[in-house]
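Let us take a friendly walk through a protein fold, from the overall outline down to the places where its pieces touch. Keep the picture beside you as you read.

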Amino acid sequence: GPEELSEQLSTSEKLFGSIPVGSEECRTKPVKRYDSPAPFAKPNLGNFVHIQGTQPSASLWLHFPMQELTGHWDSHPTQYITYLLGYSGTDSLSRVLTDQLGLATDSGAMFDQNLAGSQLFFVVTLTEKGRKDPSAVIDVLFSYLAEVRRNGVDEALYRSIANISALEWDWHEMSGPMDTASGLAGLMTGPVRSEEHTSELQSR
């Protein structure tokens, strides 16, 4: 809601402060992670797999295994990457693939993030032209990624995304009981978030 963060934390303390903190072992034992051994080793990368689909249009999925990112919860790198790959404004990657080259009808990115690692997927719905030459789509994507890497992080864009996230947090609709329980259970498996870190996140 729109209440100050300190007020939200105070309300949470009143409602949930009486819940036992658990044993010393439970509170100090490191969270078990599953990113080693790596689920996608180098010999299994760089392969092209063609699958006979059941949908009327062809699609191209590019999979990028990444390091486990739960320790970077306060900077939200996945939001920044998803925005860069999904932006559809003038001269964007999406517009180049669809309007300029006619290789796709739609494109975007999605993340699968857990304690086994982070998986980035770039998904492209192909036109007939793109279906016949999917390597052209891959070339465009990697050219774009090279340009992004050369330019570095756009701090102004990063702050803008953070401001939008803070606004959505302040005015988010109340979730249902099942979603709330699921979300809290997920948070319990991650790193402890101090009030200082939470305040810093909301100020970005």
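The text below goes from the whole chain to its sheet and then to its packed helices.

This is a predicted model, in which local features need pLDDT of at least 70 and side-chain atom pairs count only at pLDDT 80 or more, while totals for chains, interfaces and linings use all residues. Residues are numbered from 1 along each chain as its sequence is written, and side-chain values use heavy atoms, with hydrogens and water left out.

**The whole chain**

The protein has nine helices and three strands. Here helices (H or I, at least four residues) and strands (E, at least two) are DSSP runs, numbered from the N terminus. Read from the N terminus, the order of elements is α-α-β-α-α-β-β-α-α-α-α-α. The C-alpha trace spans about 60 × 40 × 35 Å along its principal axes. The protein has a radius of gyration of 21 Å, whereas a compact globule of 204 residues would have one near 17 Å. That radius is taken over C-alpha atoms, and the globule rule is 2.2 Å times the number of residues to the power 0.38.

**The sheet**

In which order do the three strands of the open sheet lie? The order is S1-S3-S2, with antiparallel pairing. Strand S1 (59–66) and strand S2 (104–114) each have a single partner strand, so one side of each is left without a neighbour in the sheet. On average, neighbouring strands are turned by 15° against each other, direction ignored. Two strands pair if DSSP finds at least two bridges between them; S2 and strand S3 (residues 117–126) are joined in the antiparallel sense over 10 bridges. These two strands form a hairpin with two residues between them. Along the pairing, Phe111 stands opposite Leu120 in S3, and Gly108 has Val123 in S3 as its bridge partner.

**Helices on the sheet**

Helix H4 (residues 93–100) lies across S2 and S3, at about 150° to S2. Helix H6 (residues 134–151) packs on the sheet, touching S1 and S3, and its direction makes about 40° with that of S1. Contact means heavy atoms within 4.5 Å.

**Helices on helices**

Two packed helices are described by the angle between their axes and the distance between the axes. Axes are lines fitted to C-alpha atoms, for helices over the stretch in contact, and angles run from 0 to 180 degrees between N-to-C directions.

| Helix pair | Angle | Axis distance |
|---|---|---|
| H4 and H6 | about 150° | 10 Å |
| H3 and H7 | about 110° | 10 Å |

The angle in the H4 and H6 row makes H4 roughly antiparallel to H6. Angles under 35 degrees count as roughly parallel, over 145 as roughly antiparallel, 65 to 115 as roughly perpendicular and the rest as oblique. Leu93, Val96 and Leu97 of H4 make the contact with Val137, Val140, Leu141 and Tyr144 of H6. These residues divide into seven nonpolar, no polar and no charged. In this classing, Ala, Val, Leu, Ile, Met, Phe, Trp, Tyr, Cys and Pro are nonpolar, Asp, Glu, Lys and Arg charged, and the others, Gly among them, polar.

H3 and H7 are roughly perpendicular to each other. Gln79, Tyr80, Tyr83 and Leu84 in H3 meet Leu157, Tyr158, Ile161 and Ser165 in H7. This contact has six nonpolar, two polar and no charged residues.
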